[in-house]
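Here are a few exercises to work through with the model open beside you. Try each task before reading its solution.

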Amino acid sequence: MFDSLANALGSAYRSIVGQKVLTEKNVDEGIRSVRQALLEADVNFQVAKEFIADVKQRALGQDVLTAVDPGQQFVKVFHDALTALLGGQTTGLPVTDNPPLILMMCGLQGSGKTTTCAKLALWLRKNKKKNPLLVAADLQRPAAVEQLQSLGKQLGIAVYAEPVTARPPEVCRRGIEHAHKFQHDVVILDTAGRLHIDELLMQELQEVQARCKPHGVLLLCDSMLGQDAVNSAKEFHSRLPLHGLILTKVDGDARGGAALSIVKVTGRPILFAGTGEKPDDLEEFDPSRMAGRILGMGDVVGLVEKAQSVIDEKEAEAQAKKLQKGQFTFEDFLSQLNMIRKLGPLKKVLGMLPGVGQMLKDVDLDDAHFKRIEAIILSMSPRERRNPEVIDTPRRRRIALGSGNQLEAVHGLIKQFKMMQDMMKKLGKGGGFGPGGMGDLEGMLGMGKKGGPQSGMGGMGGRGFPGGRGGFPGGRRF
Amino acid sequence: MVFGKLRAALKKTREVLTRGLSRLFSLGRKLDATFLDELEHVLYQSDLGPLGTRLVEELKAAYARREIAEVAQVPAFLRAMLLRRLEGAAAPLAKTTPGPTVILIVGVNGSGKTTSIAKLANHLKQQGHKVMLGAGDTFRAAAVEQLSLWADRLGIPIIKQGPGADTAAVAYDAVAAAIARKVDYLLLDTAGRLHTQKNLMEELKKIVRVVQKQLPSAPHETLLVLDATTGQNAIRQASEFSKAAPVTGLILAKMDGTAKGGAVFGIREVLPVPVKFLGVGEGMDDLEPFNPEHYVDAILSFDKIEPA
Ligand SMILES: Nc1nc2c(ncn2[C@@H]2O[C@H](COP(=O)(O)OP(=O)(O)OP(=O)(O)O)[C@@H](O)[C@H]2O)c(=O)[nH]1
Ligand SMILES: [Mg+2]
């Protein structure tokens with residue numbers, strides 16, 4: 001099966017090179033594989049079908065741009081359509097002139113409500129200068145109240161709770177009174193997880209809503225959900241209705257196709273994404289990023305944003321110039337390695353890239369490789385780092401000894417470094433970072449490869465990528 | 001008995017599912033492309049994933065070989081195909097003598113681990129076994145309290161430490177206590193973790209090693225708890241978790257909803273371990289031993305499942 005939709009599309013449409021426009025015939029060729037890839041990302045069957053029909057319409061009659069690979073062009077059409085669908089109705093959180101703003105969380109069991117309540121409260125305090133109150137209305141699951149209280153205590157956020165013998169709608173109502181009294185400008189109601197077919201509990205939810213008149217009901221959706229996501233989301237929406245969605249556990253590797261299904265069947269936008277277990281792991285939802293993920297393109301935008309936050313622009317700029325002129329030294333190399341390391345674990349960083357991530361996904365990458373390279377470079381004298389040419393064999397032997405490595409490792413690094421310098425010089429004169437370049441990166445890091453290189457990715461690395469904003473430490477385009 | 005609960009839940013959902021199926025298998029339908037398309041749709045709805053397409057292909061092949069001529073034969077054909085893929089999928093829980101039999105429970109966040117432990121403890125207790133719990137989730141807020149409340153309700157002992165304690169240390173204590181008090185089963189809870197979190201998967205390995213210090217043959221079962229609403233990612237979960245811990249079986253929780261957990265079929269291709277139990281609700285009685293026939297019928301929603 002296809003690893004990613006981007007892959008599937010790429011190979012399906014590479015065949016239409018030379019044709020002038022996308023026609024019914026050449027579009028149809030790839031549709032089946034596209035559908036398969038969407039289904040594999042857990043997009044609901046019906047939704048996938050409708051979505052494909054939509055996109056087909058958009059694609060038909062478009063000129064095949066000579067500049068890009070037709071496969072890539074088609075990927076872009078899909079990416080844009082997905083982004084439009086996922087982000088079309090973005091509204092943000094509701095607002096009110098009459099505080100407190102009342103938000104009500106609901107969802108299936110285990111979808112992450114309690115944790116997300118705390119995260120959202122923290123987010124509102126940090127980003128909107130709010131003073132939120134959490135209301136513990138999950139009286140069903142053992143110790144759910146304690147969980148919320150403990151999170152509240154940890155974050156310094158107020159929690160309203162009652163004994164579990166109380167009724168949730170009552171607790172919520174009194175929680176709101178409490179908020180009025182103590183000047184909280186936001187109230188977040190944490191309700192128990194429930195199945196959408198549990199009539200009694202769904203009625204209870206409606207009662208909470210009727211009594212508390214929340215400004216927004218938010219449905220929590222696990223990003224690992226499968227085909228059934230549409231059934232539950234539809235039911236919650238028809239009962240309440242929903243203001244928006246929060247997608248949780250996005251830090252896993254689920255492709256998250258269910259998110260698309262839910263947006264499609266409810267017509268409600270995803271407002272936030274939970275990206276980890278820590279209280280500040282909540283981000284405003286980014287439709288383009290999610291589209292990339294469903295397509296299996298990696299998170300280029302995310303990487304670029306992250307890179308921007310940890311990388312010194314000026315230095316990167318300076319290095320890029322040096323690189324192009326072939327004046328790149330081991331010192332620059334070391335400082336780049338450190339920048340990359342600041343981005344997080346290597347595997348995670350690479351996973352965010354479409355081309356490289358795909359190619360290196362079977363490589364046993366760990367940060368120990370970085371450490372080894374670092375040790376070798378640190379064992380060089382400043383002069384050696386600046387002029388790798390001077391590093392003769394005796395020096396290499398010394399470096400190997402000093403860094404606790406085999407001589408071969410030192411040879412290898414220097415050789416790869418020189419190759420990279422050459423390649424960069426060429427790159428500086430234009431052209432792209434093709435698979436060959438990646439091969440060098442691999443060698444550079446001294447990595448053992450488990451599987452063979454991915455085929456069919458030739459078009460991916462070279463020309464920038466739909467949705468990606470380009471720009472990476474050192475290289476201008478990636 | 002308990003199975004009634006699954007049936008009851010299924011009954012609620014029958015309407016949704018059989019709408020598709022009954023139309024599909026209604027009289028007078030021809031075995032044509034439209035039929036196959038609709039069938040594929042119905043199969044996909046159970047999270048069978050690419051298997052849905054493969055089954056349809058197999059059906060076509062059988063038609064070409066003239067083994068199948070009409071729509072009426074399709075249900076039995078599919079049933080057989082699915083059952084074949086569940087061969088060996090039902091197996092009893094391990095039991096060592098002398099005890100304790102150590103069962104380690106693992107899974108992603110919120111899949112139903114802690115609740116499944118409570119149900120399993122109840123199940124074993126009802127069979128006359130002496131059961132003990134180990135509160136190995138020292139990470140999530142109030143996780144220890146959650147398991148403690150279940151221990152109280154069930155009237156069984158629990159070994160725990162303060163929040164933030166080392167899970168492996170709790171596991172070590174729990175095994176020691178289980179040996180000393182001669183319990184039959186020790187059920188160890190662990191914190192939910194995504195299979196992509198390398199350090200947490202390493203932690204799992206450490207827990208296994210620590211348990212083996214006192215009982216080299218333990219854990220006798222490592223059960224991966226999967227949420228039935230999960231889609232194809234369940235397959236990744238299974239293969240990653242089994243790299244970190246010796247997964248011996250699955251518990252498929254939340255089968256009382258409308259999801260069918262069909263990813264189990266895909267999982268069996270990468271990790272052919274038995275499905276030990278189904279979770280069918282939030283109460284301590286809501287656990288059922290896995291029965292492949294009932295399960296396949298649930299996937300296909302054939303009439304056999306209908307309570308008498
Ligand atoms: N309907 C239904 N709900 C279940 C089932 N099993 C567990 N749950 C619910 O799912 C939610 C999460 O269950 P837990 O047992 O806390 O899950 P966990 O895997 O221990 O969660 P963490 O420890 O937070 O990772 C709770 O609300 C449970 O009541 C089941 O079979 N059916
Ligand atoms: Mg738990």
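Predicted model: local features only at pLDDT ≥ 70, side-chain atom pairs only at ≥ 80, totals over all residues.

**Exercise 1.** Leaving aside neighbours within four places in sequence, find which residues B:Asp227 is in contact with (contact means heavy atoms within 4.5 Å).

*Solution.* Residues are numbered from 1 along each chain as its sequence is written, chains are lettered from A in the order in which they are written, and side-chain values use heavy atoms, without hydrogens and water.

**Exercise 2.** Is B:Asp227 buried or exposed?

*Solution.* B:Asp227 counts as buried because its relative accessibility is 10%, and the cut-off for buried is under 20% relative accessible area (1.4 Å probe, protein chains only).

**Exercise 3.** Find the salt bridge between chain A and chain B.

*Solution.* First, the count is one. A salt bridge needs a side-chain nitrogen of Lys or Arg within 4 Å of a carboxyl oxygen of Asp or Glu. The pair is B:Arg236 and A:Asp253, with the closest N and O atoms 3.1 Å apart.

**Exercise 4.** How many residues of each chain are in contact with the other?

*Solution.* Count 38 in chain A and 44 in chain B. On the chain A side, A:Met224, A:Asp253 and A:Glu277 lose the most area to chain B, together 19% of what that side buries (accessible area lost on being put together, 1.4 Å probe).

Conventions:
Buried < 20%, exposed > 50% of the residue type's maximum accessible area, 1.4 Å probe, protein only. Buried area = accessible area lost by both parts, 1.4 Å probe.
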